[in-house]
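Hi,

Here is the structure I promised to pass on.

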Amino acid sequence: MAVQTVAANTESSVDLGPAAALSCRECKERFDLGPIFACASCFGPLEVAYDLPSGSPEELRKRIEAGPNNIWRYAPLLPVPADVADKPNTNPGFTQLVKADNLARELGVTGGLYVKDDSGNPTHSFKDRVVAIAVEAARAFGFTTLSCSSTGNLAGAVGAAAARAGFRSCVFIPHDLEQGKVVMAAVYGGELVGIEGNYDDVNRFCSELIGDPLGEGWGFVNVNLRPYYGEGSKTLAYEICEQLGWRLPDQIVIPIASGSQLTKIDKGLQELIKLGLVEDRPYKIFGAQAEGCSPVSAAFKAGHDVVRPQKPNTIAKSLAIGNPADGPYVLDIARRTGGAVEDVDDEQVVDAIKLLARTEGIFAETAGGVTVGVTKKLIEAGVIDPTLTTVVLNTGDGLKTLDAVAATSQATATIRPSLDAFRAAGLATS
Ligand SMILES: *Cc1c(COP(=O)(O)O)cnc(C)c1O
């Protein structure tokens with residue numbers, strides 16, 4: 001292993017709180033904090049390494065509970081400066097953990113079923129979490145333009161955060177996204193570029209742009225700021241455990257696009273255990289994909305360690321990444337924790353969106369249909385244990401993917417404004 005300068009960070013002017021260095025997930029080589037994302041030695045992905053807080057778990061728990069009602073309550077565990085809550089940012093997080101008793105009854109779950117509903121974030125998806133962290137890194141590294149390759153939700157989150165935090169933004173999406181995603185990406189006043197191709201084409205284009213003088217001074221939240229961005233997903237793990245009364249859930253069902261969110265939720269749970277904030281006991285992580293873009297699920301079922309890229313074709317466009325960067329790590333985590341990766345088809349996605357809406361009054365986007373659909377499928381298959389505590393993620397808002405349910409969600413009747421007409425429609429209860 002090469003000798004890298006860890007101590008050099010102490011001389012650097014970059015203040016990202018407890019973040020100490022970047023560390024290669026493959027060869028463990030360490031690098032100074034900076035806008036880099038791949039190991040110079042082995043090209044493995046870099047992730048943030050910390051000097052985590054010392055002191056008793058009780059002290060830390062109290063400090064967190066006294067913090068703001070957003071992700072900044074976990075600032076001691078994130079790559080952000082200590083005064084982050086005072087800076088202009090979108091301040092996402094601390095979304096509802098809904099005890100879904102009606103859905104539990106319908107699915108036969110007796111051990112407690114919860115929906116972590118991230119549609120309540122500022123731009124109505126979980127992406128506000130990752131972007132909020134990337135914004136602080138972009139500030140620390142002196143970038144003036146924020147950018148990303150996006151399946152839709154990320155573009156909106158970047159647009160909003162850039163507007164609030166005072167960056168220029170220029171974001172890239174596949175040209176054929178849902179109207180709700182396009183409008184939300186454009187409305188905040190930044191530049192929005194549709195690329196003729198799918199997400200994997202957009203991502204490849206952005207990688208080229210970073211290496212070119214055209215992209216100089218640009219912070220791509222999910223490319224050159226990816227190590228910081230990813231850390232935002234840890235806050236889902238922190239919140240779920242805190243909201244359960246500082247307890248690990250037994251089973252968590254997480255959607256997979258690039259797989260970043262799933263791997264960082266696992267990292268967050270491991271940190272809570274290490275810090276003594278929760279009792280160390282086994283938990284299982286389940287990954288959820290749409291059949292029309294299920295490279296990780298296919299690899300899991302085939303017993304493979306590598307993920308074969310696919311060409312996406314599904315209504316779950318926010319998850320439509322055919323070549324997921326974190327796929328192999330997702331496979332590791334699902335296998336290590338005794339979980340699984342499963343997929344459902346588009347019809348099951350629509351049915352699951354309507355099931356969640358009908359039972360819990362939560363209108364999920366297609367990604368939420370994927371997690372609820374996979375949960376149902378895995379319970380029926382005896383893979384998810386209905387007697388244990390299960391948390392299902394809804395990562396986005398159904399208003400952004402209206403097309404998925406529009407055809408089957410229309411007025412029951414259209415009538416003249418008269419009692420006779422209403423009686424004739426047969427909708428009265430008496
Ligand atoms: C981006 C996204 C995800 C998951 O993304 P990862 O790339 O796997 O981290 C899940 N749900 C929604 C709604 C998203 O927009």
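Which residues lie nearest the centre of the largest cavity? They are Phe126, Lys127, Ala257, Ser258 and Ser318, out of 26 residues that line this cavity. Two or more lining residues come from each of α4 (153-165), α7 (226-231) and α9 (260-274).

Before the rest, some ground rules. This is a predicted model, where local features need pLDDT of at least 70 and side-chain atom pairs count only at pLDDT 80 or more, while totals for chains, interfaces and linings use all residues. Residues are numbered from 1 along each chain as its sequence is written, and side-chain values use heavy atoms, with hydrogens and water left out. Helices (H or I, at least four residues) and strands (E, at least two) are DSSP runs numbered from the N terminus.

On the cavity: it is a set of points on a 1 Å grid over the protein atoms alone where a 1.4 Å probe fits but cannot get out, and lining residues have an atom within 4 Å of a point.

Now the pockets (open sets with protein on both sides within 12 Å along at least five of seven lines). The largest has a volume of about 650 Å³, and among its 27 lining residues Phe37, Asn203, Asn222, Arg226 and Ala325 are closest to the centre. Helix α6 (199-210) gives the largest share of that lining, five residues. By class, the lining has 12 nonpolar, nine polar and six charged residues.

The second largest pocket holds about 450 Å³. Arg25, Lys28, Glu47, Lys267 and Lys274 are the closest to its centre, of 19 lining residues. Here α9 gives the most, with seven residues, and the lining divides into seven nonpolar, three polar and nine charged.

There is also an open sheet of four strands, ordered β8-β7-β6-β9 with parallel pairing (a pair needs at least two DSSP bridges). β8 (191-195) and β9 (218-220) stand at the edges with a single partner each, so one side of each has no neighbour in the sheet. Strand β7 (168-174) pairs with β8 over five bridges, and Ile173 has Gly194 in β8 as its bridge partner.

Cheers

Terms used:
Points joined across faces, edges and corners; volume = space filled by probe spheres on them. Nonpolar A, V, L, I, M, F, W, Y, C, P; charged D, E, K, R; others polar.
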